[in-house]
Amino acid sequence: MITFYPGPSKIYPETEQYISEAFRSGILSMNHRSRPFMEMLGQTVALLHEKLCLPAGYRICLTSSATECWEIIAQSLTGRESHHVFNGAFGEKWFEYTKRLRPEASAHPFGLNESAGTAPGLDKAGGLLCLTHNETSNGTAIPGSVLAHIREKFDGLIAVDATSSLGGVAPDWRQADVWFASVQKCLGLPPGLGLLVLSPEALVRARSLNERDHYNSLLFMLDNFSRNQTPYTPNTLGIFLLFKTLARLPVQAVTAEMITARAGALYTFFSACKAFRPLVAEPAARSQTVIALEGSPEAVALAKSAALDAGIILGNGYGKWKDTTLRIANFPA
């Protein structure tokens, strides 16, 4: 069975070998203050910097998931105001969760084929701007040129949910101050681990707010990661699998080139297909890693059934497009 579901999705086949290696090594029975674990964590973070080509001064923390990062950002990086610009379900969910913690959070939706660079809310002064880099629910994305425009226009910190793009595309990290994702998509691993990438400006904001009231307060996490430790007992197996996978992967620019070429081939094929067409009509707004296709409910049901008979799992539609779309994960694995 091959799964093209957009997360959790297909994992790298080497993962089976790495799980056995983790068991034999004894690392799974070691506490997270032990030297072997600390060495592995330090090597994993170093590989993330190397393979993701992060700028100097950027820091990484590991979390339980990208969803946990919503909470960390709201608690530790949002003074009062956060402005959420979104065009899909996951961007909206981020806003709704933040609003429970920060009632002043504001929503600024934009259309499926519109540019995030023209969305309302970008002219707000200060605070935190929250963007969804790759909207898994509908197959849209914010291209680098638009992120650059937003960076120039918005006066404040920018946080980006890159859950279904980090590891598959090559962003300019300086276009945002906070990036976060989970490993079960473009990093080709089982779920249960998240990545939080922070710019020097984000670190300054965290220190100025000095929020230390929660087990996952950002300053507490940073203090621990500076010593190659975690603030709580971590997903040791997940970190080991990430370490082993990163060690054999190329730098992200090489992966991104392959993903872009494959996405181009998929969009070209389905643009000429009678039964399906890309849900996103505007090419500049299309995701490279989640291909959303629109068709009749009958065509969608038939395609999923035929694919399943052939040993292939296609992604369901999401939300209001549940019955009229398919989603195909174009992840590296």
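The legends below describe close-up views of a predicted model.

**View 1. The largest pocket and its lining.**
The largest pocket of the predicted model has a volume of about 360 Å³. Its lining is made up of 23 residues, and those closest to the pocket centre are Thr67, Phe90, Thr163, Gln184 and Lys185. Helix H3, residues 66-76, and strand S6, residues 134-135, each contribute at least two lining residues. The largest share comes from H3, with 3 residues. Sorted by class, the lining of the largest pocket holds 11 polar, 8 nonpolar and 4 charged residues.

**View 2. The second largest pocket.**
A volume of about 260 Å³ is computed for the second largest pocket. Closest to its centre, out of 19 lining residues, are His133, Ile142, Pro143, Gly144 and Val169. Two helices, H5 (144-153) and H9 (252-271), each give at least two residues to the lining of this pocket. The class count for the second largest pocket is 9 nonpolar, 8 polar and 2 charged residues.

**View 3. The largest cavity.**
The model has 2 cavities of 30 Å³ or more. By class, 8 of the lining residues are nonpolar, 3 are polar and 1 is charged. Helix H9 also gives at least two residues to the lining of the second largest pocket.

**View 4. The second largest cavity.**
About 40 Å³ of space lies in the second largest cavity. The residues around this cavity are Val85, Phe86, Asn87, Gly88, Phe110, Thr132, Glu135 and Ile142. Their classes are 4 nonpolar, 3 polar and 1 charged. Ile142 is also one of the residues closest to the centre of the second largest pocket.

**View 5. The stacked pair Phe86 and Phe95.**
A pair of aromatic rings is described by the distance of the centres and the angle of the planes. The count of aromatic pairs in the model comes to 6. One of them joins Phe86 and Phe95, with 6.3 Å from centre to centre and 25° between the planes. This pair counts as stacked because the angle falls under the cut-off of 30 degrees. Phe86 has a relative accessible area of 8% and is therefore buried. Phe95 is buried too, at 12% relative accessibility. Phe86 also belongs to the lining of the second largest cavity.

**View 6. Arginine charges over tyrosine rings.**
Arg248 places its charged end over the ring of Tyr12, at 4.5 Å from the ring centre.

**View 7**
Strand S8 covers residues 155-161 and is mostly covered, with 5 of its 7 residues buried.

Most residues other than glycine have a negative phi, and most peptide bonds are trans. The bond between Gly7 and Pro8 is a cis peptide bond, with omega of about -10°. Pro8 lies in the loop between strand S1 (2-3) and helix H1 (15-25).
Cys53, although not a glycine, has a positive phi of about 55°. Cys53 is placed in the loop between helix H2 (35-52) and strand S2 (59-63). With a relative accessibility of 40%, Cys53 counts as partly exposed.
Asn210, also not a glycine, has a positive phi near 55°. The loop that holds Asn210 runs between helix H6 (200-209) and helix H7 (218-225). Asn210 is partly exposed, at a relative accessible area of 45%.

Conventions: Residues numbered from 1 in each chain as written. Predicted model: local features only at pLDDT ≥ 70, side-chain atom pairs only at ≥ 80, totals over all residues. Heavy atoms only, no water. 1 Å grid on protein atoms, 1.4 Å probe; cavity = no way out; pocket = protein on both sides within 12 Å on 5 of 7 lines; lining within 4 Å. Points joined across faces, edges and corners; volume = space filled by probe spheres on them. Helix = DSSP H or I, 4+ residues; strand = E, 2+ residues; numbered from the N terminus. Nonpolar A, V, L, I, M, F, W, Y, C, P; charged D, E, K, R; others polar. Phe/Tyr/Trp six-rings, centres within 6.5 Å; stacked < 30°, edge-to-face > 60°. Buried < 20%, exposed > 50% of the residue type's maximum accessible area, 1.4 Å probe, protein only. Lys NZ or Arg CZ within 6 Å of the ring centre and 35° of its normal.
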